[in-house]
Amino acid sequence: MQLFINKYLKGGGVMLFEIATTSLMAGLVGYSYLKKNGLSDVDKIQKICLNCGLTIKEGNDIKTIHLYRKKRHDWGMEYVYRIPLGLSFHDFEKRLNHLRDGLNNKKSTIELSDLFKLNFKTNIIKRVKDILNNGKYMQKDVELEYDGMLHIKVLNQPLPVELFFDEELFSKCNEWQIPLGQTRYGFTYHDTERGHITLAGATRKGKTVFLKLFITSLIHQQPENTKLTLIDLKGGLAFTRFKDLKQVETVATDLNSTLKALKSVKNEMNQTKEWFDKNGCEDIKEAGIDTRHFIIVDEAAQISPQIITGKEEKEKARQCEEVLSEIARIGAGLGYRLVYCSQYPTADVMNKQIKQNCDTVITYKLRDAIASRVVLDESGAEDLPIPGRAIYKTPDGVQIVQTPFITNEQIEKIIKPNIVMKARKEDIAIEEPAEARRNTFELEEM
Ligand SMILES: Nc1ncnc2c1ncn2[C@@H]1O[C@H](COP(=O)(O)OP(=O)(O)OP(=O)(O)O)[C@@H](O)[C@H]1O
C-alpha cells in the first residue's frame, strides 16, 4: 500500500541490505566513539535544567529534577521526574524550547538507527557529516505533562517529509472525521464535530491543499449530509472544481456575493434556531438532524473591515464579519461549522470573537512569531520546515502533523458522482415555453 511514502525510511530500507558485516562492525565502532563523546538524553535533560536555572538552593546544595522512572514507547522515550519543592510545572513549560534545542544538539544526537542509514560504499565521511549536519534525521520533539510528577516525552519517530493521500485513509474515519495527517504518535484524524476551525499559513505552505482535502473528505464521507458555502476571495480558482457539487450552496468570489451568501446562511441559521426553540432542542444532536453546513472563508483579510478601504465596501465587510461572528458564536450547536482561513493572520484580520470560538487551530508555516502568536497564542509556526507540515491545536493539546498531499486527479475521481448540472445566472433569466422546459434538465439555481 502506497500510504505513507517516507523518503528517508524508504531509502534507509534499501541501504540496510547494502551494509555488509564488516561495515556493520565499522559502524558499531563509530557509534561507540560518537556515543562516548556525547551525552545520553537523561544526562542532557539534567544538564539543561541545571544550566537554565530550573533549580532550587538547599543549604549549599543546588537541586534540580530527579529521575523517577523511564519507559520506552513506539514513539520514543518517556522520562518521569520528581520536581523539587519550589518549582512549578509552568517553570518547565517556559523552558520547553531549551529542552527541545538541547536534545537536538547535533554533536551527540547520532543514534544507532542513523548508522543503518549509512551507505558504506559511498563516501562515508560525507554521509556521517550529512547526518550530523542535517536536522532531518534527528529532529526530536519534546512534550511535557504533569500529574504530580513531571513527564518529559522525547518523541523521536521521524515525521515523513512527504505524505501522499490514499483513499484507504477514509476507511478509518468515523462519521464526521477527516484524515488529518501523520504525527509522531501515528496517523491522526480530525473530527469536524469539534466545531469551528481557524486555518492559517503563509503562501505556498499547504493551506489550499488542506482545504481541498477537507472538502473532498466530507463529500466522500457524508455526501447526503454535507452542505457547503465556499467563500474564495483570493482571486484564485481553488474551489472551481467543487462549484457543481450538489452539496455546494454557493461559491462566492467577491465581497457582494460573499455578503449575499452569508446573509442566506444567517437566515437559514435563524430558522433552525427558531425550530430548535419551538421543539425544545438544545443542540443539533438532540434534534436528530444529520445535516452539517460548512462555511469556508478563504481569505479572512479580504473581508476584514479593518483592512478594506472605501465607506461602502467597509460597511459590507462589517456586515460579513457580523454574520461570521454570529455563526462562530451560536452556529456550532445548530450544525454550522466555520473554517476561517488566513495567510496574513494579524490582530486586524483575525476577528477576536471568531477566533475565540474556533476550538481547533491548524496552521502551516507563518511569516513570523507575531503571526504565530495571533493564531496559536504562542510562537512556533514560524519554524515549521516544509509545505504540508502543520501545528494542530485543540483543547486536548498541540501536535505537529504532516498533512497528506491530494492531487486534483484524486479529488475529481472522488467527487465526480456528486456533480450535478447547475444553472449559470444568465441561464436562469431565459424564459422558455412550458413545452420546451419539460424536455430540458432540471436546473438548480447557484
Ligand atoms: N501536504 C503537502 N505535502 C507536500 N507538499 C505540499 C502539501 N501541501 C502543499 N504542498 C506544496 O506546496 C504547494 C502550495 O500549496 P498550496 O496551494 O496549498 O499553498 P497555499 O498555502 O494555499 O498558498 P496560497 O495561500 O498562496 O494559495 C503545492 O503545490 C505543493 O507543491
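Of the 446 residues in the protein, 33% are buried; a residue is buried if 20 or more other C-beta atoms lie within 10 Å of its own, exposed if 12 or fewer, and partly exposed in between, with C-beta atoms placed from the backbone. Residues are numbered from 1 along each chain as its sequence is written. This is a predicted model, in which local features need a pLDDT of at least 70 and side-chain atom pairs count only at pLDDT 80 or more, while totals for chains, interfaces and linings use all residues.

## Overall fold and confidence

The protein contains 16 helices and 18 strands. These elements are DSSP runs numbered from the N terminus, with helices (H or I) having at least four residues and strands (E) at least two. Among contacts with a separation of 6 or more, 67% join residues 24 or more positions apart; two residues are in contact if their C-beta atoms, placed from the backbone, lie within 7 Å.

Confidence is expressed as pLDDT, the predictor's score for each residue from 0 to 100. The protein averages a pLDDT of 83, and 79% of the residues score at least 70. Where pLDDT is low, the predicted coordinates should not be read in detail. For the complex, the predictor gives an ipTM of 0.97 and a pTM of 0.76.

Helix α8 covers residues 207-221, and its 15 residues should span 21 Å at 1.5 Å a residue; the end C-alpha atoms are 21 Å apart, which agrees. The expected span is 1.5 Å times one less than the number of residues. Twelve of the 15 residues of α8 are buried, so the helix is largely enclosed by the rest of the structure. Among these buried residues are Val209, Phe210, Leu211 and Phe214.

Arginine 204 lies in the loop between β9 (197-200) and α8. Its phi is near 70°, a positive value in a residue other than glycine. Arginine 204 counts as exposed because 11 other C-beta atoms lie within 10 Å.

## Nonpolar cores

A nonpolar core is a set of buried Ala, Val, Leu, Ile, Met, Phe, Trp, Tyr and Cys residues joined through C-beta atoms within 7 Å. The largest has 73 residues, and those touching the most other members are Ile296, Val297, Leu324, Ile327, Leu338, Val339 and Tyr340. A second, separate core of 14 residues includes Leu54, Leu99, Val142 and Val154.

Leucine 99, found in helix α5 (residues 96-103), is buried because it has 23 C-beta neighbours inside 10 Å. Not counting residues up to four places away in sequence, leucine 99 touches Ile45, Ile48, Val142 and Ile152.

## Two partly exposed residues

Methionine 149 is in the loop between β5 (141-146) and β6 (150-155), and its 13 C-beta neighbours inside 10 Å make it partly exposed. Beyond four places in sequence, methionine 149 is in contact with Tyr68, Val80, Tyr81 and Arg82. Threonine 188, in strand β8 (residues 186-191), has 15 C-beta neighbours inside 10 Å and is therefore also partly exposed.

The table lists C-alpha separations for selected pairs.

| Pair | Separation in sequence | C-alpha distance |
|---|---|---|
| Methionine 149 and tyrosine 68 | 81 residues | 8.8 Å |
| Threonine 188 and leucine 67 | 121 residues | 31 Å |
| Leucine 99 and lysine 47 | 52 residues | 9.8 Å |
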